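I opened a new page for this protein. My plan was to look at its parts, then at what sits where they meet.

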Amino acid sequence: MDFASLARAYGTPLYVYDFDRLRENFLNFRQAFSGRKSLICYALKANSNLSILKFLASLGAGADCVSIGEVRRALLAGIERYKIIFSGVGKRDDEIEEALREGVLFINLESFQEMQRVEKIAQDLKLIARVSVRVNPNIDAKTHPYISTGLHENKFGVEIEQAKEMYLYIKNSPFLEAVGIHFHIGSQICDLDPILQASQKIAQLYRSLLALGLEIKFFDVGGGIGISYQEEQIISLYDYAQGILASLGENEPTIICEAGRRIVGDCGVFLTQVIGEKKNGDKRFVIVDGAMNDLMRPSLYGAIHQPTLLKDQQGEQSRCDIVGPICESGDYLAKDILLPSTQAGDIIAFANAGAYGMSMSSQYNSRLRAAEVAISQGEVFLVKSREKFEDLIQKEVECLK
Ligand code: LLP
(Lines give C-alpha, C1' and ligand atoms only; values in the text may rest on other atoms or scores of the structure.)
Protein backbone atom coordinates (compact mmCIF):
# COMPACT_ATOMS: atom_id res chain seq x y z
CA MET A 1 0.00 0.00 0.00
CA ASP A 2 1.25 3.46 -0.90
CA PHE A 3 1.33 5.11 2.52
CA ALA A 4 2.46 8.47 1.15
CA SER A 5 -0.66 8.73 -1.04
CA LEU A 6 -2.84 7.72 1.89
CA ALA A 7 -1.22 10.42 4.00
CA ARG A 8 -1.99 12.97 1.29
CA ALA A 9 -5.54 11.77 0.82
CA TYR A 10 -6.47 11.61 4.52
CA GLY A 11 -4.04 14.10 6.03
CA THR A 12 -1.56 13.58 8.85
CA PRO A 13 -1.02 12.51 11.56
CA LEU A 14 -2.75 9.31 10.47
CA TYR A 15 -3.04 5.76 11.74
CA VAL A 16 -3.34 3.06 9.06
CA TYR A 17 -4.44 -0.48 9.92
CA ASP A 18 -4.09 -3.61 7.83
CA PHE A 19 -7.24 -5.68 8.41
CA ASP A 20 -5.94 -8.64 6.41
CA ARG A 21 -3.08 -8.93 8.88
CA LEU A 22 -5.52 -8.42 11.74
CA ARG A 23 -7.56 -11.41 10.58
CA GLU A 24 -4.42 -13.52 10.24
CA ASN A 25 -3.14 -12.57 13.70
CA PHE A 26 -6.45 -13.35 15.35
CA LEU A 27 -6.84 -16.67 13.55
CA ASN A 28 -3.28 -17.62 14.52
CA PHE A 29 -4.27 -17.34 18.18
CA ARG A 30 -7.38 -19.41 17.63
CA GLN A 31 -5.42 -21.98 15.68
CA ALA A 32 -2.85 -22.29 18.47
CA PHE A 33 -5.53 -23.45 20.90
CA SER A 34 -7.61 -25.38 18.38
CA GLY A 35 -8.81 -28.75 19.51
CA ARG A 36 -9.32 -27.43 23.03
CA LYS A 37 -12.14 -25.31 24.40
CA SER A 38 -10.81 -21.77 24.15
CA LEU A 39 -11.94 -18.19 23.78
CA ILE A 40 -9.77 -15.33 22.59
CA CYS A 41 -10.93 -12.26 24.51
CA TYR A 42 -9.26 -9.41 22.67
CA ALA A 43 -7.92 -6.80 25.13
CA LEU A 44 -9.67 -3.62 24.04
CA LYS A 45 -7.12 -1.39 25.72
CA ALA A 46 -4.66 -2.15 22.91
CA ASN A 47 -6.92 -0.50 20.34
CA SER A 48 -10.63 -0.02 20.83
CA ASN A 49 -11.63 1.43 17.48
CA LEU A 50 -15.16 0.16 16.79
CA SER A 51 -14.33 -1.04 13.29
CA ILE A 52 -11.51 -3.17 14.68
CA LEU A 53 -13.89 -4.56 17.30
CA LYS A 54 -16.61 -5.28 14.74
CA PHE A 55 -14.11 -7.01 12.52
CA LEU A 56 -12.85 -9.17 15.38
CA ALA A 57 -16.42 -9.85 16.52
CA SER A 58 -17.20 -11.18 13.03
CA LEU A 59 -14.32 -13.64 13.51
CA GLY A 60 -15.77 -14.83 16.84
CA ALA A 61 -13.64 -12.82 19.26
CA GLY A 62 -14.60 -12.15 22.84
CA ALA A 63 -13.47 -9.07 24.77
CA ASP A 64 -11.37 -8.26 27.82
CA CYS A 65 -12.59 -4.90 29.15
CA VAL A 66 -11.18 -2.71 31.92
CA SER A 67 -13.85 -0.05 32.17
CA ILE A 68 -17.55 0.12 31.55
CA GLY A 69 -16.71 2.26 28.51
CA GLU A 70 -14.86 -0.71 27.06
CA VAL A 71 -17.75 -3.05 27.93
CA ARG A 72 -20.13 -0.69 26.10
CA ARG A 73 -17.82 -0.57 23.10
CA ALA A 74 -17.62 -4.36 22.98
CA LEU A 75 -21.40 -4.71 23.13
CA LEU A 76 -21.87 -1.99 20.51
CA ALA A 77 -19.48 -3.81 18.21
CA GLY A 78 -21.62 -6.94 18.47
CA ILE A 79 -19.41 -9.01 20.76
CA GLU A 80 -21.74 -11.37 22.61
CA ARG A 81 -22.18 -10.61 26.31
CA TYR A 82 -21.24 -14.17 27.21
CA LYS A 83 -17.84 -13.56 25.63
CA ILE A 84 -17.09 -10.37 27.56
CA ILE A 85 -15.04 -10.29 30.74
CA PHE A 86 -14.73 -7.28 32.98
CA SER A 87 -11.31 -6.81 34.61
CA GLY A 88 -9.42 -3.88 36.15
CA VAL A 89 -7.85 -2.98 39.46
CA GLY A 90 -10.33 -0.26 40.44
CA LYS A 91 -13.89 -0.89 39.30
CA ARG A 92 -16.50 1.57 40.54
CA ASP A 93 -19.81 0.29 41.96
CA ASP A 94 -21.79 1.74 39.06
CA GLU A 95 -19.49 -0.05 36.61
CA ILE A 96 -19.89 -3.37 38.43
CA GLU A 97 -23.65 -2.89 38.51
CA GLU A 98 -23.88 -2.21 34.80
CA ALA A 99 -21.63 -5.15 33.92
CA LEU A 100 -23.78 -7.46 36.07
CA ARG A 101 -27.00 -6.14 34.54
CA GLU A 102 -25.54 -6.68 31.07
CA GLY A 103 -24.76 -10.28 32.03
CA VAL A 104 -21.09 -10.40 31.08
CA LEU A 105 -19.33 -13.78 31.22
CA PHE A 106 -17.53 -12.97 34.48
CA ILE A 107 -15.86 -10.27 36.53
CA ASN A 108 -12.18 -10.65 37.37
CA LEU A 109 -11.82 -9.78 41.06
CA GLU A 110 -8.78 -7.84 42.20
CA SER A 111 -9.19 -7.89 45.99
CA PHE A 112 -11.14 -9.29 48.93
CA GLN A 113 -12.81 -5.93 49.36
CA GLU A 114 -13.84 -5.76 45.75
CA MET A 115 -15.32 -9.26 46.04
CA GLN A 116 -17.52 -8.10 48.90
CA ARG A 117 -18.63 -5.06 46.92
CA VAL A 118 -19.56 -7.28 43.97
CA GLU A 119 -21.45 -9.58 46.35
CA LYS A 120 -23.42 -6.67 47.81
CA ILE A 121 -24.28 -5.29 44.37
CA ALA A 122 -25.36 -8.75 43.16
CA GLN A 123 -27.54 -9.14 46.25
CA ASP A 124 -29.19 -5.75 45.62
CA LEU A 125 -29.79 -6.74 42.00
CA LYS A 126 -31.09 -10.16 43.11
CA LEU A 127 -28.75 -12.09 40.92
CA ILE A 128 -25.69 -14.30 41.14
CA ALA A 129 -22.46 -12.71 39.97
CA ARG A 130 -20.10 -14.95 38.02
CA VAL A 131 -16.57 -14.16 39.16
CA SER A 132 -12.95 -15.13 38.76
CA VAL A 133 -10.02 -14.15 40.97
CA ARG A 134 -6.92 -12.51 39.53
CA VAL A 135 -4.01 -14.22 41.20
CA ASN A 136 -0.64 -12.51 41.44
CA PRO A 137 1.87 -15.36 41.10
CA ASN A 138 4.89 -13.21 42.09
CA ILE A 139 6.77 -14.00 38.89
CA ASP A 140 8.95 -11.55 37.02
CA ALA A 141 7.79 -11.23 33.41
CA LYS A 142 11.17 -9.67 32.47
CA THR A 143 9.63 -6.79 30.58
CA HIS A 144 9.57 -2.99 30.99
CA PRO A 145 8.85 -2.24 34.70
CA TYR A 146 5.86 -0.04 33.77
CA ILE A 147 4.12 -2.98 32.12
CA SER A 148 5.19 -5.74 34.50
CA THR A 149 2.23 -6.84 36.61
CA GLY A 150 2.95 -10.25 38.11
CA LEU A 151 5.08 -9.32 41.13
CA HIS A 152 3.80 -8.64 44.63
CA GLU A 153 5.24 -5.14 44.36
CA ASN A 154 2.75 -4.47 41.53
CA LYS A 155 -0.79 -3.40 42.38
CA PHE A 156 -2.46 -6.25 40.51
CA GLY A 157 -4.21 -9.37 41.73
CA VAL A 158 -4.01 -11.13 45.09
CA GLU A 159 -1.55 -13.57 46.61
CA ILE A 160 -2.25 -17.28 46.32
CA GLU A 161 -3.22 -17.65 50.00
CA GLN A 162 -5.62 -14.74 49.78
CA ALA A 163 -7.05 -16.17 46.55
CA LYS A 164 -7.83 -19.42 48.38
CA GLU A 165 -9.66 -17.51 51.10
CA MET A 166 -11.62 -15.65 48.45
CA TYR A 167 -12.66 -18.84 46.68
CA LEU A 168 -13.85 -20.34 49.98
CA TYR A 169 -15.84 -17.19 50.69
CA ILE A 170 -17.36 -17.29 47.18
CA LYS A 171 -18.27 -20.94 47.63
CA ASN A 172 -20.37 -20.02 50.64
CA SER A 173 -21.97 -16.94 49.15
CA PRO A 174 -25.46 -17.23 47.64
CA PHE A 175 -24.73 -14.23 45.40
CA LEU A 176 -21.36 -15.24 43.96
CA GLU A 177 -20.33 -18.08 41.69
CA ALA A 178 -16.67 -18.85 41.02
CA VAL A 179 -16.40 -19.71 37.33
CA GLY A 180 -12.82 -18.74 36.53
CA ILE A 181 -9.27 -18.22 37.67
CA HIS A 182 -7.04 -15.53 36.20
CA PHE A 183 -3.45 -14.32 35.96
CA HIS A 184 -1.63 -11.79 33.79
CA ILE A 185 2.02 -11.07 34.53
CA GLY A 186 2.84 -8.27 32.10
CA SER A 187 2.92 -7.07 28.55
CA GLN A 188 5.38 -7.21 25.62
CA ILE A 189 6.76 -10.47 26.99
CA CYS A 190 9.29 -12.18 24.73
CA ASP A 191 10.36 -14.97 27.08
CA LEU A 192 7.92 -17.83 27.41
CA ASP A 193 9.37 -19.22 30.65
CA PRO A 194 7.81 -16.75 33.12
CA ILE A 195 4.38 -17.20 31.54
CA LEU A 196 4.63 -20.97 31.82
CA GLN A 197 5.93 -20.77 35.37
CA ALA A 198 2.91 -18.62 36.23
CA SER A 199 0.60 -21.00 34.41
CA GLN A 200 1.97 -23.97 36.35
CA LYS A 201 1.60 -22.16 39.65
CA ILE A 202 -1.96 -21.09 38.92
CA ALA A 203 -2.85 -24.53 37.51
CA GLN A 204 -1.77 -26.03 40.83
CA LEU A 205 -4.09 -23.67 42.67
CA TYR A 206 -6.84 -24.44 40.15
CA ARG A 207 -6.51 -28.17 40.86
CA SER A 208 -6.68 -27.63 44.61
CA LEU A 209 -9.86 -25.58 44.12
CA LEU A 210 -11.42 -28.35 42.02
CA ALA A 211 -10.59 -30.72 44.85
CA LEU A 212 -12.51 -28.43 47.19
CA GLY A 213 -15.56 -28.83 44.99
CA LEU A 214 -15.39 -25.51 43.16
CA GLU A 215 -16.51 -25.84 39.55
CA ILE A 216 -14.07 -23.55 37.82
CA LYS A 217 -14.68 -23.66 34.09
CA PHE A 218 -12.40 -20.93 32.78
CA PHE A 219 -8.62 -20.76 33.01
CA ASP A 220 -7.82 -17.17 32.03
CA VAL A 221 -4.15 -16.83 31.10
CA GLY A 222 -4.22 -13.07 30.49
CA GLY A 223 -2.41 -11.49 27.57
CA GLY A 224 1.09 -10.14 27.27
CA ILE A 225 2.64 -11.91 24.29
CA GLY A 226 5.14 -9.53 22.70
CA ILE A 227 5.78 -8.50 19.11
CA SER A 228 9.01 -7.68 17.34
CA TYR A 229 9.73 -3.94 17.54
CA GLN A 230 13.51 -4.25 17.18
CA GLU A 231 13.97 -7.74 15.88
CA GLU A 232 13.27 -9.31 19.25
CA GLN A 233 12.84 -13.07 19.13
CA ILE A 234 9.12 -13.50 19.66
CA ILE A 235 7.23 -16.32 21.35
CA SER A 236 5.78 -19.00 19.08
CA LEU A 237 2.04 -19.17 19.66
CA TYR A 238 2.20 -22.92 19.19
CA ASP A 239 4.77 -23.29 22.01
CA TYR A 240 2.76 -20.89 24.14
CA ALA A 241 -0.47 -22.84 23.75
CA GLN A 242 1.24 -26.20 24.18
CA GLY A 243 2.96 -24.98 27.34
CA ILE A 244 -0.28 -23.74 28.86
CA LEU A 245 -2.09 -26.94 27.97
CA ALA A 246 0.74 -28.99 29.46
CA SER A 247 0.47 -27.09 32.74
CA LEU A 248 -3.19 -28.13 32.93
CA GLY A 249 -2.51 -31.83 32.46
CA GLU A 250 -5.67 -33.90 32.37
CA ASN A 251 -7.95 -31.02 33.31
CA GLU A 252 -9.90 -29.40 30.53
CA PRO A 253 -11.16 -25.97 31.47
CA THR A 254 -11.96 -23.48 28.71
CA ILE A 255 -8.82 -21.43 28.15
CA ILE A 256 -9.30 -17.71 27.89
CA CYS A 257 -6.56 -15.65 26.34
CA GLU A 258 -6.69 -11.85 26.69
CA ALA A 259 -4.36 -10.99 23.82
CA GLY A 260 -4.07 -7.39 22.73
CA ARG A 261 -0.75 -6.32 21.25
CA ARG A 262 0.00 -9.56 19.41
CA ILE A 263 -3.34 -9.26 17.58
CA VAL A 264 -3.24 -5.61 16.60
CA GLY A 265 0.32 -4.29 17.14
CA ASP A 266 1.95 -5.08 13.82
CA CYS A 267 -1.22 -4.20 11.86
CA GLY A 268 -0.74 -0.48 12.32
CA VAL A 269 1.57 2.24 11.07
CA PHE A 270 1.57 5.85 12.17
CA LEU A 271 2.12 8.42 9.45
CA THR A 272 3.42 11.91 10.06
CA GLN A 273 4.48 14.74 7.82
CA VAL A 274 7.76 16.63 8.09
CA ILE A 275 7.28 20.24 9.13
CA GLY A 276 10.94 21.16 8.93
CA GLU A 277 14.43 20.54 10.23
CA LYS A 278 16.71 22.43 12.62
CA LYS A 279 20.10 22.08 14.25
CA ASN A 280 21.17 23.04 17.74
CA GLY A 281 24.94 22.93 17.49
CA ASP A 282 25.69 19.50 16.06
CA LYS A 283 22.36 18.06 17.06
CA ARG A 284 19.91 17.57 14.19
CA PHE A 285 16.14 17.52 14.72
CA VAL A 286 13.49 16.52 12.21
CA ILE A 287 10.22 18.09 13.30
CA VAL A 288 7.04 16.28 12.30
CA ASP A 289 3.33 16.94 12.80
CA GLY A 290 2.79 13.85 14.97
CA ALA A 291 3.76 13.93 18.64
CA MET A 292 3.75 12.20 21.99
CA ASN A 293 0.03 12.92 22.33
CA ASP A 294 -0.55 10.71 19.26
CA LEU A 295 2.01 7.99 19.95
CA MET A 296 3.13 8.06 23.55
CA ARG A 297 5.16 4.85 23.70
CA PRO A 298 8.57 6.33 22.81
CA SER A 299 8.24 9.10 25.45
CA LEU A 300 6.78 6.85 28.13
CA TYR A 301 8.73 3.62 27.73
CA GLY A 302 11.60 4.56 25.43
CA ALA A 303 9.86 2.27 22.93
CA ILE A 304 11.14 1.98 19.38
CA HIS A 305 8.77 2.34 16.44
CA GLN A 306 11.08 1.98 13.47
CA PRO A 307 10.74 5.10 11.28
CA THR A 308 10.88 5.04 7.47
CA LEU A 309 11.14 8.11 5.29
CA LEU A 310 8.78 7.49 2.37
CA LYS A 311 10.68 9.09 -0.46
CA ASP A 312 12.24 7.72 -3.67
CA GLN A 313 15.26 10.01 -3.81
CA GLN A 314 17.23 9.60 -0.61
CA GLY A 315 20.53 11.36 -0.10
CA GLU A 316 23.21 10.85 2.51
CA GLN A 317 22.09 9.92 5.99
CA SER A 318 22.97 11.59 9.26
CA ARG A 319 21.93 11.11 12.87
CA CYS A 320 18.87 12.93 14.19
CA ASP A 321 15.94 12.85 16.58
CA ILE A 322 12.42 12.90 15.13
CA VAL A 323 10.41 15.18 17.37
CA GLY A 324 6.88 16.53 17.59
CA PRO A 325 5.57 20.05 18.18
CA ILE A 326 4.75 19.52 21.89
CA CYS A 327 6.45 21.72 24.45
CA GLU A 328 8.37 19.00 26.26
CA SER A 329 11.85 17.66 25.67
CA GLY A 330 10.37 14.20 26.16
CA ASP A 331 8.26 14.68 23.05
CA TYR A 332 10.01 12.53 20.50
CA LEU A 333 9.04 9.68 18.19
CA ALA A 334 12.54 8.40 17.44
CA LYS A 335 15.95 9.16 18.92
CA ASP A 336 19.41 9.12 17.46
CA ILE A 337 18.51 7.46 14.19
CA LEU A 338 20.02 7.72 10.72
CA LEU A 339 17.86 9.62 8.23
CA PRO A 340 18.55 11.33 4.89
CA SER A 341 17.81 15.02 4.72
CA THR A 342 14.09 15.74 4.59
CA GLN A 343 11.90 18.44 3.10
CA ALA A 344 8.69 19.84 4.46
CA GLY A 345 5.83 17.60 3.35
CA ASP A 346 7.83 14.36 3.32
CA ILE A 347 6.03 11.50 5.03
CA ILE A 348 7.62 9.43 7.79
CA ALA A 349 5.99 6.13 8.77
CA PHE A 350 6.44 4.59 12.24
CA ALA A 351 6.07 0.83 12.34
CA ASN A 352 4.14 -1.45 14.69
CA ALA A 353 1.86 1.30 15.96
CA GLY A 354 -1.41 -0.66 15.99
CA ALA A 355 -1.39 -1.39 19.73
CA TYR A 356 -1.33 1.26 22.47
CA GLY A 357 -0.95 4.01 19.87
CA MET A 358 -4.32 5.61 19.28
CA SER A 359 -5.77 4.11 22.45
CA MET A 360 -3.24 6.04 24.57
CA SER A 361 -3.52 9.29 22.64
CA SER A 362 -4.56 12.58 24.23
CA GLN A 363 -5.32 16.14 23.27
CA TYR A 364 -2.35 17.61 25.14
CA ASN A 365 -1.40 21.06 23.84
CA SER A 366 -4.92 21.27 22.37
CA ARG A 367 -3.93 18.99 19.57
CA LEU A 368 -6.62 17.26 17.56
CA ARG A 369 -6.45 13.50 17.68
CA ALA A 370 -5.38 11.75 14.48
CA ALA A 371 -7.63 10.12 11.90
CA GLU A 372 -7.59 6.34 11.40
CA VAL A 373 -8.02 4.35 8.21
CA ALA A 374 -8.25 0.63 7.56
CA ILE A 375 -7.19 -1.32 4.52
CA SER A 376 -9.11 -4.50 3.85
CA GLN A 377 -8.53 -6.59 0.73
CA GLY A 378 -7.07 -3.63 -1.13
CA GLU A 379 -9.87 -1.23 -0.21
CA VAL A 380 -9.38 1.76 2.07
CA PHE A 381 -11.93 2.80 4.71
CA LEU A 382 -11.94 5.77 7.04
CA VAL A 383 -12.56 4.28 10.50
CA LYS A 384 -12.19 7.45 12.55
CA SER A 385 -12.30 10.98 11.27
CA ARG A 386 -9.84 13.56 12.48
CA GLU A 387 -11.00 15.57 15.48
CA LYS A 388 -12.05 19.16 14.95
CA PHE A 389 -11.43 22.16 17.14
CA GLU A 390 -15.11 22.00 18.20
CA ASP A 391 -14.51 18.50 19.60
CA LEU A 392 -11.79 19.90 21.83
CA ILE A 393 -13.98 22.47 23.52
CA GLN A 394 -17.36 20.77 23.26
CA LYS A 395 -17.64 19.82 26.94
CA GLU A 396 -16.24 23.00 28.40
CA VAL A 397 -18.62 25.42 30.03
CA GLU A 398 -18.08 29.09 30.63
CA CYS A 399 -18.35 30.03 34.28
CA LEU A 400 -18.03 33.77 33.78
CA LYS A 401 -20.73 35.39 31.69
N1 LLP B 1 -5.04 -8.55 30.25
C2 LLP B 1 -4.72 -7.71 31.24
C3 LLP B 1 -5.24 -7.94 32.58
C4 LLP B 1 -3.88 -6.62 30.97
O5 LLP B 1 -3.55 -5.79 31.95
C6 LLP B 1 -3.38 -6.42 29.66
C7 LLP B 1 -2.51 -5.29 29.35
C8 LLP B 1 -3.75 -7.33 28.66
C9 LLP B 1 -4.58 -8.39 29.00
C10 LLP B 1 -3.29 -7.21 27.24
O11 LLP B 1 -1.92 -7.33 27.16
P12 LLP B 1 -1.18 -7.44 25.74
O13 LLP B 1 -1.57 -8.77 25.14
O14 LLP B 1 -1.65 -6.32 24.89
O15 LLP B 1 0.24 -7.35 26.07
N16 LLP B 1 0.63 0.66 27.30
C17 LLP B 1 1.61 -0.41 27.34
C18 LLP B 1 0.97 -1.75 27.53
C19 LLP B 1 0.11 -1.85 28.76
C20 LLP B 1 -0.54 -3.18 28.92
C21 LLP B 1 -1.52 -3.16 30.03
N22 LLP B 1 -2.21 -4.39 30.22
C23 LLP B 1 2.45 -0.35 26.08
O24 LLP B 1 2.23 0.53 25.26
O25 LLP B 1 3.37 -1.14 25.92
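These are my entries, in the order I looked things up.

**Entry 1: the domains.** I noted at the start that this model is predicted. I looked up the domain assignment. Domain 1 comes in two pieces, 3–14 and 266–391. Domain 2 runs over 33–259. I then took the C-alpha centres of domain 1 and domain 2, and they lie 34 Å apart. For the contact between them, I found 15 residues from domain 1 and 13 residues from domain 2.

**Entry 2: the buried area.** The size of an interface is often given as the accessible area lost when the parts come together. I looked up that value here. Domain 1 and domain 2 bury about 1300 Å² between them. Carbon and sulfur atoms hold 52% of that area.

Entry 3: I searched between domain 1 and domain 2 for salt bridges and got zero. Next I asked which elements give two or more residues to the side of domain 1 that touches domain 2. They are helix H11 (297–301) and strand S17 (379–384). H11 gives the most, with three residues. I also sorted this side of domain 1 by class: six nonpolar, five polar and four charged residues.

**Entry 4: the ligand.** I listed 18 residues around the ligand. Ser187, Glu258, Arg297, Tyr301 and Tyr356 come nearest. Then I looked up single distances. A side-chain N or O atom of Arg297 is 2.6 Å from an oxygen atom of the ligand. Tyr301 has a polar side-chain atom 2.7 Å from a ligand nitrogen. For Arg261, the backbone takes part: one of its polar backbone atoms is 2.8 Å from a ligand oxygen.

**Entry 5: salt bridges in the whole structure.** Side chains of opposite charge can pair when their charged atoms come close. I searched the whole structure and found 19 salt bridges. One of them joins Asp64 and Lys45, at 3.3 Å from N to O. Where do the two residues sit? Asp64 is in strand S3 (residues 62–65). Lys45 is in the loop between strand S2 (38–43) and helix H3 (50–58). The two are 19 residues apart in the chain.

How values were computed
Residues numbered from 1 in each chain as written. Predicted model: local features only at pLDDT ≥ 70, side-chain atom pairs only at ≥ 80, totals over all residues. Heavy atoms only, no water. Domains from an automatic or database assignment. Contact = heavy atoms within 4.5 Å. Buried area = accessible area lost by both parts, 1.4 Å probe. Salt bridge = Lys/Arg side-chain N within 4 Å of Asp/Glu carboxyl O. Helix = DSSP H or I, 4+ residues; strand = E, 2+ residues; numbered from the N terminus. Nonpolar A, V, L, I, M, F, W, Y, C, P; charged D, E, K, R; others polar. Near = heavy atom within 4 Å. Polar contact = N/O pair within 3.5 Å; in protein donor to acceptor, adjacent residues only side chain to side chain.
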